[in-house]
Amino acid sequence: MDNKSRRDFLKNSSLGVGGVALAGAIPGFNISAASAAELIDPLAPKDPHFPAKIKSVIWLHQNGAPSTLDLYDYKPELVKQAGKGVPDSFLKGIKTSTQGGVNELFVSNYRSWKQYGESGAWFSNLLPNLAQHADKLTFIKSSVTIGATHDISILKLNTGDLNPGRPSLGAWISYALGSANPDLPPYVVLYNGASEPRAGSVNWNSGFLPAVYQGTAFRPGDSPIYYLDRPELRSALQQRSSLDLLNRLNKLNAENRPLDTELKARLRSYDLADRMQVAAPEAVDLSKETDATKKLYGIDDAITGSYGTSLLRARRLVERGVRFIQVVSGAPDGETEITSWDAHDDLDKNHGLMAKMVDKPIAGLLEDLKSRGLLESTLVVWTSEFSRTPWGESGTGRDHNPWGYTQWMAGGGLKAGFTYGGTDELGVQVADKDTAVDTYDLHATVLHLLGLNHLKTTFINNGRSERPTVVFGKVVKDILA
Amino acid sequence: MKNGWSPKKLQREIVLSAVYRQSSEERADVVAVDPANKLLAVYPRKRLEAEELRDSLLYASGELDETIGGPAVFPKVPSSLVAGNVLNNGQGGALWEDAKDPNDHKRRSIYTFVRRSLPYPLTASFDPADPSKPHHKRDVSTTALQALTLFNSDVVFGWSQALAGRVISEAGANENAQLDTLYEILFSRKPTREEKSALKGFLKEQEKLVESKAWTDKFEVAVPTGLKDTKNLDPFKAAAFVDLVHAVANSNEFAYRF
Amino acid sequence: MLFTLMRNLVVALRFVAVVIGSSLLISFTSFAQEAEMDMDLMQTIESTNDNLSSNIALENAESAIADAQTLNELFAVVEEHYSKELAAGKDVAEAVDLTKKSVKFSSEIITFLGQNDFESAANTATDLARTCKTCHNFYKED
Ligand code: HEC
């Protein structure tokens with residue numbers, strides 16, 4: 001008998017002849033099995049619902065929650081009232097009990113404010129470089145969210161829910177639009193610092209969407225993806241000819257099953273892997289960038305270097321058609337004490353370092369995108385899981401504030417040099433509740449700029465039609481150009 | 001039941017039935033009548049799940065350590081994951097420190113430690129159950145990251161070296177016998193004539209490629225491992241054979257059950 | 001289909017339970033009991049609201065109308081509850097307002113669905129969902 005098979009095995013054992021399992025067959029795998037996806041290429045590019053304003057999004061997550069009261073949201077009244085208690089009227093309708101309690105209003109002695117650009121947007125002395133780009137930004141000064149732990153609110157920032165299981169915004173976008181560059185994943189996550197961002201991959205997960213849509217984390221360093229390099233002892237030529245053999249064997253095997261698209265998909269996945277092996281390191285390789293460009297991003301500096309590297313990589317990924325680039329702020333290389341914006345005490349020290357780390361690189365990114373003509377087709381989003389209170393904590397720190405804070409966007413399809421919404425005179429909460437912009441609204445707006453109607457971007461999960469904005473979400477129409 | 005609930009008799013009945021003996025391969029006439037395969041005349045091919053794939057490769061290579069029970073183990077992860085990694089487990093230890101006992105690297109996947117914040121990279125791209133959420137059904141994706149994992153991982157390549165060694169030990173020096181044995185181990189069948197000619201053609205060319213490497217300063221090749229007798233091993237041939245084994249182990253036929 | 005029927009049956013049963021519950025609430029106004037009743041009712045509201053959103057997206061007019069109808073009736077119960085509290089001098093004016101709004105939105109959704117205007121229905125359903133959030137901001141303890 002030439003071809004042994006499952007069938008023969010069963011036959012033999014049932015007749016009691018064959019005895020033990022046939023030599024070399026693999027036991028134990030006949031019960032549960034995965035039924036393969038039928039889609040030919042789940043990442044094939046798809047048309048949006050209406051013409052898109054932008055092609056790519058750079059999602060700048062400021063991890064740990066910066067105090068936007070110390071960056072953009074100038075409150076003269078807060079300066080006057082510093083040291084006093086918070087009047088009850090300001091606390092109406094919010095729950096401060098889950099936070100560390102309400103203390104005296106606090107202002108740093110080192111803070112100063114100036115208006116910039118024709119728009120006259122306020123910036124503090126912490127962001128001197130970004131301030132030069134005031135007229136490119138669209139501020140949302142009425143941002144709100146649900147205040148929980150960092151991890152939970154970060155999850156909401158990226159997936160719209162407080163529990164794991166929903167797809168992240170980038171996954172929805174990959175699902176809805178596919179990949180614009182067949183050699184790279186459409187959704188890439190970048191971070192600086194020694195370790196992966198806190199709360200981890202649930203924040204770029206595909207949730208109930210198929211796993212192909214999840215974000216691919218590019219690690220810092222030359223080799224951004226695991227297993228991108230061939231085994232050490234193999235030459236490039238050896239690798240090439242081995243792939244050719246594999247291709248040949250797979251084709252022979254697929255001949256017996258001409259209609260099986262999955263087999264073709266796997267065949268193609270090795271081709272893509274082969275191309276990605278070249279494309280991914282090239283995409284993050286900054287050696288061909290000029291010194292001037294690197295300087296623009298602050299790559300020549302110890303504090304700004306690692307974040308600047310992430311942002312320059314982000315620009316290179318935009319140029320290569322990656323749709324969603326999620327950049328999570330980490331810490332300067334070698335810094336172990338301050339690893340996020342979470343300044344519960346000594347805000348001056350924390351924000352002094354963190355603002356310095358991001359200020360020049362983000363300014364550089366905006367300038368670079370602009371000069372390359374990419375800003376019109378890109379959206380840069382400056383966002384965080386929540387912000388910080390006007391009252392102090394541990395003397396010189398600030399507690400969490402989900403009730404009213406600033407985020408901004410810059411890029412195609414928006415009113416540039418524009419401010420939407422605002423907080424009350426002390427910066428405790430949104431002044432006018434009707435202007436409040438929650439995570440879902442931000443997501444709906446980003447999707448809108450990409451040409452997607454968030455109500456029509458749907459996926460059936462457990463018999464229910466789900467959308468990126470859960471059951472909420474409205475496009476912030478007032479900021480659209 | 002009439003036969004006293006004998007599973008053997010039941011199996012015999014099933015196995016000897018006309019339905020059971022029909023081929024389950026894709027056939028033009030069947031596809032024409034039932035394009036959606038509602039009647040299951042064609043066996044719906046299934047990809048091995050993450051852990052199955054790893055364990056199958058380990059098993060085929062003869063390396064699988066089938067020890068039962070005990071605490072979870074930390075098999076080897078890419079050095080780039082560990083090097084310079086200040087992630088810690090909250091008690092000052094590293095998040096992932098490769099097991100000291102080499103056998104721990106070859107345990108069944110069910111014993112691999114599951115860390116929510118740091119999924120085991122070798123199986124991570126094959127849609128394992130996400131430990132941080134309730135779960136009823138795995139996805140089956142087919143991605144380039146999977147291809148990179150299986151084709152480039154030093155660990156998987158090491159298993160191919162071991163498998164090559166196993167084949168040579170079992171089949172001896174005869175090339176035909178080696179190819180037959182390899183296919184029997186991996187697929188429970190012998191290679192077809194076409195496959196054999198592709199494989200032999202590859203061996204010949206690959207040997208030359210490896211040989212050309214010998215002229216470079218640093219000549220190192222991956223040879224079959226686990227052999228008792230390595231005296232007669234021709235390093236060029238042996239390295240070419242490892243490459244062949246690695247390609248065959250990466251093929252669709254291994255990743256799916258048909 | 002069977003599933004939808006069953007779900008509607010469950011909702012209907014729960015609804016009956018809720019109505020009985022809230023009439024109990026009027027006779028024994030122990031605080032703990034009141035909270036419990038509200039939780040159950042809110043759970044039903046939430047799953048009905050999720051279904052509504054899904055059925056609108058799937059353009060299942062019939063099921064969506066049934067969901068909106070259920071919500072409309074449930075919010076009438078909530079409105080009655082808060083109106084009584086307001087009459088008893090409690091600071092719940094905003095809640096009464098928001099439930100009135102919710103009743104109004106759910107009626108509007110029914111009208112839109114009757115006209116097969118799924119887009120307006122989806123937008124109004126979003127307004128309704130945002131009203132949930134606003135009320136929770138004010139009145140719900142986490
Ligand atoms: C008029 C105010 C009001 C409106 C409108 C409202 N809720 Fe509530 N909801 C509450 C209050 C108050 C609670 C807390 C009940 C308690 O603690 O006793 C609550 C609790 C809940 C809970 C938590 C129940 C639990 O078991 O923890 C859910 C879920 C919920 N609401 C969903 C919704 C949804 C969905 C909507 C809109 C379709 C909505 N609510 C509209 C006032 C409201």
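Two strands are said to pair if DSSP finds at least two bridges between them, and helices (H or I, at least four residues) and strands (E, at least two) are DSSP runs, numbered from the N terminus. Good morning. This is a predicted model, in which local features need pLDDT of at least 70 and side-chain atom pairs count only at pLDDT 80 or more, while totals for chains, interfaces and linings use all residues. Residues are numbered from 1 along each chain as its sequence is written, and chains are lettered from A in the order in which they are written.

I begin with chain A. Strand β6 (residues 187-191) of chain A pairs with β7(A) in the parallel sense over three bridges. There, A:L190 has A:F218 of β7(A) as its bridge partner. Both strands belong to an open sheet of eight strands with mixed pairing, in the order β7-β6-β8-β2-β9-β12-β5-β13 (chain A). Its edge strands, β7 (216-218) and β13 (418-420) of chain A, each pair on one side only.

I turn now to the interfaces. Contact here requires C-beta atoms, placed from the backbone, to lie within 7 Å. Between chains B and A, 73 residues of chain B are in contact with 64 residues of chain A. Helix α10 (residues 193-213) of chain B gives the most to the side of chain B that touches chain A, with nine residues.

The contact of chain C with chain A takes 16 residues from chain C and 13 residues from chain A. On the chain C side, α2 (31-57) and α5 (118-139) are the elements that give two or more residues. Of the chain C elements, α5(C) gives the most, with eight residues.

Notes
Contact = placed C-beta atoms within 7 Å.
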